Amino acid sequence: MVHFGNDWDNILADEFLKPYYKELRAFLKVEYSSRTIYPNMNDIFNALKASSFQNTRVVIIGQDPYHGAGQAHGMCFSVKRGVEPPPSLKNIFKELETDVGFKYTGHGELTAWAEQGVLLLNTVLTVREATPNSHKGKGWETFTDRVILELNKKQTPIVFLLWGANAKNKAKLITNPIHKKLETVHPSPLSAYGGFFGCKHFSRCNEILVSSGQAPVNWQI
């Protein structure tokens, strides 16, 4: 049984009993035993472990985990200390620098954001090495839909940062008018110049939080 160590345990308990999740679990058992899969199986749910339901006030939605050795650790866009930030994360840092004066400190671990209630959620939580989207359509989308649907029920405002098509597909689940959605293209080098650079999502997010009586996020890591 998955254990988050916070209020997600009660909220999502029934999800792990559903037929689709049992099929997903069986699939992952075979995958982890026969292939190189990221992240480490103990890191799959790190985003939900780090940001409880109660504390979540910002959600950044990614696609699937990084598929290179040592990169993924269960939080979208984040890499562990000592790992070179991938291109998308470097572009996030560039936008942060121009938007809020962010200073790169030599690592790409975003745990400090999670500790402030920023849920770093991929739409798919596992991937085969060097094979992006290899676990797409296996059930993770249903699970992460449930997470978004639960957050949609919250009666304190959440800011959803939706970058790229995969993230925007979740937008239809966010129907509670107290929540805010900021949408733009993915920070990948393939699309960042099409609207990610200059979107000012980080400062806009903080403006929304402050206007609703919440503390701004310190984006420095």
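Helix 6 buries Trp-140, Phe-143, Thr-144, Arg-146, Val-147, Ile-148, Glu-150, Leu-151 and Asn-152, where buried means under 20% relative accessible area with a 1.4 Å probe, protein chains only. Keep in mind that this is a predicted model, so local features need pLDDT of at least 70 and side-chain atom pairs pLDDT 80 or more, while totals for chains, interfaces and linings use all residues. Numbering runs from 1 along each chain as its sequence is written, and side-chain values use heavy atoms, with hydrogens and water left out.

**Helix 6**
- Spanning residues 140-152, helix 6 has 13 residues and reaches 18 Å from first to last C-alpha, close to the 18 Å expected at 1.5 Å a residue.
- That expected span is 1.5 Å times one less than the number of residues.
- Its buried residues pack against helix 1 (8-11), helix 2 (19-34), helix 3 (46-50), strand 2 (58-62), strand 3 (118-122) and strand 5 (159-163).

**Gly-62**
- Gly-62 sits in strand 2 and counts as buried because its relative accessibility is 3%.
- Leaving out residues up to four places away in sequence, Gly-62 touches Cys-76, Phe-77, Leu-121, Asn-122 and Thr-123; contact means heavy atoms within 4.5 Å.
- Gly-62 and Leu-173 are 111 residues apart along the chain, with 16 Å between their C-alpha atoms.

**The cavity**
- There is 1 cavity of 30 Å³ or more, and the largest cavity holds about 40 Å³ of space.
- On a 1 Å grid, a cavity is a set of points where a 1.4 Å probe fits but cannot get out, and lining residues have an atom within 4 Å of a point.
- Among the lining residues are Pro-39, Ile-44 and Gly-74, and strand 3 gives the largest share, 3 residues.

Methods:
Helix = DSSP H or I, 4+ residues; strand = E, 2+ residues; numbered from the N terminus. Buried < 20%, exposed > 50% of the residue type's maximum accessible area, 1.4 Å probe, protein only. 1 Å grid on protein atoms, 1.4 Å probe; cavity = no way out; pocket = protein on both sides within 12 Å on 5 of 7 lines; lining within 4 Å. Points joined across faces, edges and corners; volume = space filled by probe spheres on them.
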